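Here is a short report on one protein chain. Look at the sequence and the 3D view first, then read on.

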Amino acid sequence: MAICSAFLVLVIALVVDAGGRLRVAERTDGVALEAARVVGQQLDEAAVLQGEGYKVKEQYAKDAVNSYLGLYERAYGLAVDDVQFSPDGRVVTVTVTADYKPVLLGELGKRKVKGKGSATLVHGVEKPETD
């Protein structure tokens with residue numbers, strides 16, 4: 001009976017902590033998507049006025065993502081891992097990391113969780129773009 005109950009407690013701990021890790025992974029993905037959306041709104045106004053097209057200004061974008069994630073950093077321990085831009089400056093990809101601390105397994109299940117989100121800058125959309 002003692003062996004079965006110890007095994008049952010271990011299984012419950014694994015299920016609870018795996019569910020918690022999934023919640024953290026979902027949160028980091030959601031925050032990364034929203035951060036990418038915020039970054040996608042940081043237009044290079046000088047390029048637009050000079051007729052070079054619509055693209056994201058990288059310095060404004062990095063400042064915006066750090067400002068946006070500053071709110072989540074204190075509450076959830078999220079941090080910016082990487083911000084990448086496509087060569088044409090229309091697609092931005094944000095990677096966010098978080099430390100997951102298990103409730104029941106302690107240091108045994110401690111892991112880093114990464115979330116990734118991207119946003120595409122579109123202008124004057126009249127029909128869907130297909131790749």
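## Contacts and overall form

In this chain, residues 24 or more positions apart account for 55% of the contacts with a separation of 6 or more. Contact here means heavy atoms within 4.5 Å. This is a predicted model: local features need pLDDT of at least 70, side-chain atom pairs count only at pLDDT 80 or more, and totals for chains, interfaces and linings use all residues. Residues are numbered from 1 along each chain as its sequence is written, and side-chain values use heavy atoms, with hydrogens and water left out.

The chain holds three helices and three strands. These are DSSP runs, numbered from the N terminus (helices: H or I, at least four residues; strands: E, at least two). Along the sequence the pattern reads α-α-α-β-β-β. The chain is more spread out than a compact globule, because its radius of gyration is 20 Å, well over the 14 Å that the globule rule gives for 131 residues. That radius is taken over C-alpha atoms, and the globule rule is 2.2 Å times the number of residues to the power 0.38. The C-alpha trace spans about 75 × 30 × 20 Å along its principal axes.

## Confidence

The predictor's confidence in each residue is called pLDDT and runs from 0 to 100. The chain averages 79, and 91% of the residues score at least 70. Among the elements, strand 2 has the highest mean pLDDT (85). Helix 2 (residues 45–49) has the lowest, at 73. Where pLDDT is low, the predicted coordinates should not be read in detail.

## Buried residues

Of the 131 residues, 31% count as buried. Buried means under 20% relative accessible area, exposed means over 50%, and partly exposed lies in between (1.4 Å probe, protein chains only).

Thr 95 is buried, with a relative accessible area of 9%. Thr 97 is buried at 12%. Leaving aside neighbours within four places in sequence, Thr 95 touches Ala 79, Val 80, Asp 81, Asp 82, Lys 114, Gly 115 and Lys 116. On the same terms, the contacts of Thr 97 include Gly 77, Leu 78, Val 113 and Lys 114.

Gly 115 lies in strand 3. Its relative accessibility is 0%, so Gly 115 counts as buried. Beyond its neighbours within four places in sequence, Gly 115 contacts Thr 28, Asp 29, Ala 32, Val 94, Thr 95 and Val 96. Gly 115 and Val 24 are 91 residues apart in sequence, yet their C-alpha atoms are 9.1 Å apart in space.

Now take a pair from another part of the chain. Asp 17 lies in helix 1 and is buried, with a relative accessible area of 4%.

## Salt bridges

Side chains of opposite charge can pair when their charged atoms come close. A salt bridge is a side-chain nitrogen of Lys or Arg within 4 Å of a carboxyl oxygen of Asp or Glu. By this rule the count is two.

One joins Glu 34 and Arg 37, with the closest N and O atoms 2.9 Å apart. Both residues lie in helix 1 (residues 2–40), three residues apart, about one turn of the helix. Glu 34 is partly exposed at 32%, and Arg 37 is partly exposed at 39%.

The other joins Lys 112 and Asp 99 (2.8 Å, N to O). Lys 112 lies in strand 3 and Asp 99 in strand 2, so this pair ties together parts that are 13 residues apart in sequence. Lys 112 is exposed at 58%, whereas Asp 99 is partly exposed at 38%.

## The surface

The chain exposes about 9000 Å², and carbon and sulfur atoms supply 55% of it. Accessible areas come from the Shrake-Rupley method with a 1.4 Å probe; for residues, only the protein chains shown count as cover.

Which residues make a nonpolar surface patch? Leu 8, Ile 12, Val 16, Val 103 and Leu 104 do, over about 480 Å². Patches are made of residues with over 30% relative accessible area and no salt bridge: like charges are joined within 9 Å, nonpolar side chains (Val, Leu, Ile, Met, Phe, Trp, Tyr) within 5 Å. Val 103 sits in the loop between strand 2 (91–100) and strand 3 (111–120). Val 103 is exposed, with a relative accessible area of 66%.
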